[in-house]
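Please consider the structure shown below together with its sequence.

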Number of protein chains: 2
Amino acid sequence: MKTNNDDIFKSIIELQHTIMSAFYKRFLDNLDIPDQMNQTHIRTLHYLAIKGSTPMHKVSKRISLEKGSFTPVAKKLIELGYIVRIKDANDKRISFLELTDAGKKLTDGIHKLHSQYVEEKTKVLTGEEKELLISGMNTLTALMKKCR
Amino acid sequence: MKTNNDDIFKSIIELQHTIMSAFYKRFLDNLDIPDQMNQTHIRTLHYLAIKGSTPMHKVSKRISLEKGSFTPVAKKLIELGYIVRIKDANDKRISFLELTDAGKKLTDGIHKLHSQYVEEKTKVLTGEEKELLISGMNTLTALMKKCR
DNA sequence: CAAGTATTGTTAGATTTCTTACTATTTTAA
DNA sequence: TTAAAATAGTAAGAAATCTAACAATACTTG
């Protein structure tokens with residue numbers, strides 16, 4: 001079976017459009033989360049849960065939000081008590097963000113649902129297929145990043 | 001090597017955040033496109049180039065835009081002369097969209113760049129790796145869609 | 001056939017995100 | 001040391017998208 005590069009990108013685009021919205025919508029529907037929060041807030045908490053204390057500019061970059069858009073997002077999460085802002089002692093420009101206990105509790109709930117969801121969606125793949133999928137995507141991701 | 005479902009999704013999320021923006025930014029920077037057009041307009045033309053004449057609601061669904069948001073997008077593309085609206089003879093609610101000659105010319109240019117870009121990004125993958133990547137992603141995409 | 005229901009597309013107002021300009025701080029280098 | 005450049009974050013207005021209500025048309029079913 002012949003494949004070309006267009007096929008790769010068609011698949012990726014396809015994927016992008018389907019997965020993320022389904023994924024985060026599920027979170028928002030099934031968890032007890034304040035109405036004022038949207039997918040961006042969830043993504044932010046999710047990232048902090050995985051990476052721990054992180055400077056604002058780095059978080060905003062990783063969740064693909066301009067820094068100008070991220071300020072109010074962080075502000076709201078602080079307001080809601082899910083994260084705190086911690087000034088860097090050396091570089092006064094920098095604020096680190098990290099989860100509070102309430103934030104950790106919330107992200108734990110999210111991760112539980114996350115696992116269930118992925119479990120359900122990937123039942124059909126064998127273990128070997130999963131590994132191939134992951135390594136292929138990691139390769140491509142690394143390439144993309146390098147070339148940017 | 002042990003893998004779990006979390007790995008899959010971390011990879012996918014990672015992928016999503018890097019690829020698409022790089023991809024379409026490249027298009028917008030390198031092509032002679034009216035300033036008023038953004039990624040959404042490009043995606044719309046791209047879709048119509050691949051699928052041909054398509055009802056509005058279907059296009060909006062495929063590019064992940066609410067129908068309410070899509071109306072002005074289609075309007076602008078018509079205004080710019082890249083697509084036309086064609087009423088369905090049987091069902092008077094439906095408007096088909098399709099590319100004009102100008103639209104085809106533009107998407108041809110895009111596809112050329114597209115190929116170059118993908119070529120550059122995927123040089124490192126062997127043909128077999130590409131196939132695995134594609135089939136894996138297609139499987140997952142299909143699953144996602146089914147469960148939604 | 002009639003009445004209710006679903007679908008397609010539009011509109012208007014709310015929300016989210018982007019862009020640009022700005023301040024404060026840090027780093028670089030002449 | 002000091003001037004210039006880079007970086008982190010904020011603010012305000014512009015642009016994009018979403019939501020909800022609506023009009024027109026099509027479908028369903030009693």
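Predicted model: local features only at pLDDT ≥ 70, side-chain atom pairs only at ≥ 80, totals over all residues.

Residues are numbered from 1 along each chain as its sequence is written, and chains are lettered from A and ligands numbered from 1 in the order in which they are written.

Chain A contains six helices and three strands (DSSP runs of H or I with at least four residues, and of E with at least two, numbered from the N terminus). Along the sequence their order is α-α-β-α-α-β-β-α-α. Of the 148 residues in chain A, 24% are buried, that is, have 20 or more other C-beta atoms, placed from the backbone, within 10 Å of their own.

Around DNA strand D there are 19 residues, each with its C-beta atom, placed from the backbone, within 6 Å of the strand. A:M56, A:H57, A:G68, A:R93 and B:G68 come nearest. Helix 3 (56-62) and helix 4 (67-79) of chain A, with helix 4 (67-79) of chain B, each give two or more residues to this surface.

DNA strand C has 20 residues around it, of which A:E66, A:G68, A:K92, B:H57 and B:G68 come nearest. Here the elements giving two or more residues are helix 4 of chain A and helices 3 (56-62) and 4 of chain B. Helix 4 of chain B contributes the most, with four residues.

Note on methods
Buried ≥ 20, exposed ≤ 12 C-beta atoms within 10 Å, placed from the backbone.
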